[in-house]
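This report concerns a single protein chain. The sequence and structure are shown first, and the description comes after them.

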Amino acid sequence: MKPSRRTFKPFLLTAGVVSTAALGVSFLSMTSQAQTPPEHAVDASQLTAASRLQAAPLPPACQEAIFKTTEKFPTTRYTVPDEPWNAALNAVANLSEEDQALLTESACATWNTWAVLNGAAVATELDNRYRNAAAPACNKWAVATLATIKNHASEVPAEYKPQEEAAKRIWKEVMTKLSTTAADPACRTAYTKAQTGW
């Protein structure tokens, strides 16, 4: 099955990665698309997690940060494989109350401003890094994502630093889980290498 395309959303914790995904670039970003392309097989846990995420009372700027990421980061090659996508979506849907409290109107507005100003350059970088990384797709994704995050981490607005710290925790949790549960041995290796984060 052809992997579905998803945009990486910098430092908003992260789906929601995620995030996606920050930029900084954050992991919250990975879970930024509310809709799944028709060719993508959706499992029950993903639907449940997406429903919980969409039902959460988010400030308007945070809703924009999460659900309008594709407009801000228009990648053409970069894709997120199903395993990290589902793992990140579940992690974001189960954020602690402490992490949820970080999603404030002012912090998300700061993120949105950064994303509008830097989104095209970040998208180009993600596409280039993805194209140049070694297969399989899970490794291409992990290498491109982590290198781009590291490159932009110093640009994260000061107001967004608490969200970045939460994104780092979520990234490590998801990569640690995938390093033992991923179906493909090469993917387990890629996720193991990505555990240390940025």
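## Overall make-up

The coordinates are those of a predicted model. The secondary structure of the protein chain consists of 9 helices and 0 strands, and its pattern along the sequence reads α-α-α-α-α-α-α-α-α. The chain has 198 residues, of which 53% are buried.

## Helix packing

Helix H2 (residues 60-67) packs against H6 with the axes 7 Å apart and an angle of about 40 degrees. Because of that angle, H2 is classed as oblique to H6. The crossing in which H2 passes H6 is left-handed.

H6 also packs against H7, here at an angle of about 140 degrees and with 9 Å between the axes. An angle over 145 degrees would count as roughly antiparallel; at about 140 degrees, H6 is therefore oblique to H7. H6 passes H7 in a right-handed crossing. For H8 and H9, the axes come within 8 Å and cross at roughly 150 degrees, so H8 is roughly antiparallel to H9. This crossing of H8 and H9 is left-handed.

## Aromatic pairs and their cluster

A pair of aromatic rings is described by the distance of the centres and the angle of the planes. The model contains 6 aromatic pairs by the distance rule applied. In one of them, Trp-141 and Tyr-191, the ring centres are 6.3 Å apart and the planes stand at 70 degrees; the pair is edge-to-face because planes over 60 degrees apart are classed in that way. The pair links distant parts of the chain, since Trp-141 belongs to helix H7 (residues 137-152) and Tyr-191 to helix H9 (residues 185-194), 50 residues apart. Trp-141 has a relative accessible area of 0% and is therefore buried. Tyr-191, at 0% relative accessibility, likewise counts as buried.

Trp-171 and Trp-198 form another edge-to-face pair, with 6.0 Å from centre to centre and 75 degrees between the planes. This pair also links distant parts of the chain: Trp-171 lies in helix H8 (residues 161-181) and Trp-198 in the segment after H9, 27 residues apart. Trp-171 and Trp-198 are both buried. The four residues Trp-141, Trp-171, Tyr-191 and Trp-198 form one aromatic cluster.

## Contacts of Tyr-130

Two contacts involve Tyr-130. Lys-140 lies over the face of the Tyr-130 ring, at 5.1 Å from the ring centre. The side chain of Tyr-130 is also joined to that of Thr-79 by a polar contact of 2.8 Å.

Thr-79 is located in the loop between helix H3 (69-72) and helix H4 (82-93). Its relative accessibility is 8%; because the limit for a buried residue is under 20%, Thr-79 counts as buried.

Asn-132 is part of helix H6 (residues 105-132). With a relative accessible area of 60%, Asn-132 is exposed, because the threshold for that class is over 50%. The side chain of Asn-132 reaches the backbone oxygen of Asn-128 at a distance of 3.0 Å.

In the loop between H6 and H7 lies Pro-136. The peptide bond that joins Ala-135 and Pro-136 is cis, with omega at about 5 degrees.

Val-143 lies in helix H7. At 38% relative accessibility, Val-143 counts as partly exposed, because this value falls between the limits of 20% and 50%. Asn-132, 11 residues away along the chain, has its C-alpha atom 9.5 Å from that of Val-143. Lys-193 is 50 residues from Val-143 along the chain, and the C-alpha atoms of these two residues are separated by 9.1 Å.

How values were computed
Residues numbered from 1 in each chain as written. Predicted model: local features only at pLDDT ≥ 70, side-chain atom pairs only at ≥ 80, totals over all residues. Heavy atoms only, no water. Helix = DSSP H or I, 4+ residues; strand = E, 2+ residues; numbered from the N terminus. Buried < 20%, exposed > 50% of the residue type's maximum accessible area, 1.4 Å probe, protein only. Polar contact = N/O pair within 3.5 Å; in protein donor to acceptor, adjacent residues only side chain to side chain. Phe/Tyr/Trp six-rings, centres within 6.5 Å; stacked < 30°, edge-to-face > 60°. Lys NZ or Arg CZ within 6 Å of the ring centre and 35° of its normal. Axes fitted to C-alpha atoms, helices over the stretch in contact; angles between N-to-C directions. Parallel < 35°, antiparallel > 145°, perpendicular 65-115°, else oblique. Left-handed = near helix turned anticlockwise from the far one by under 90°.
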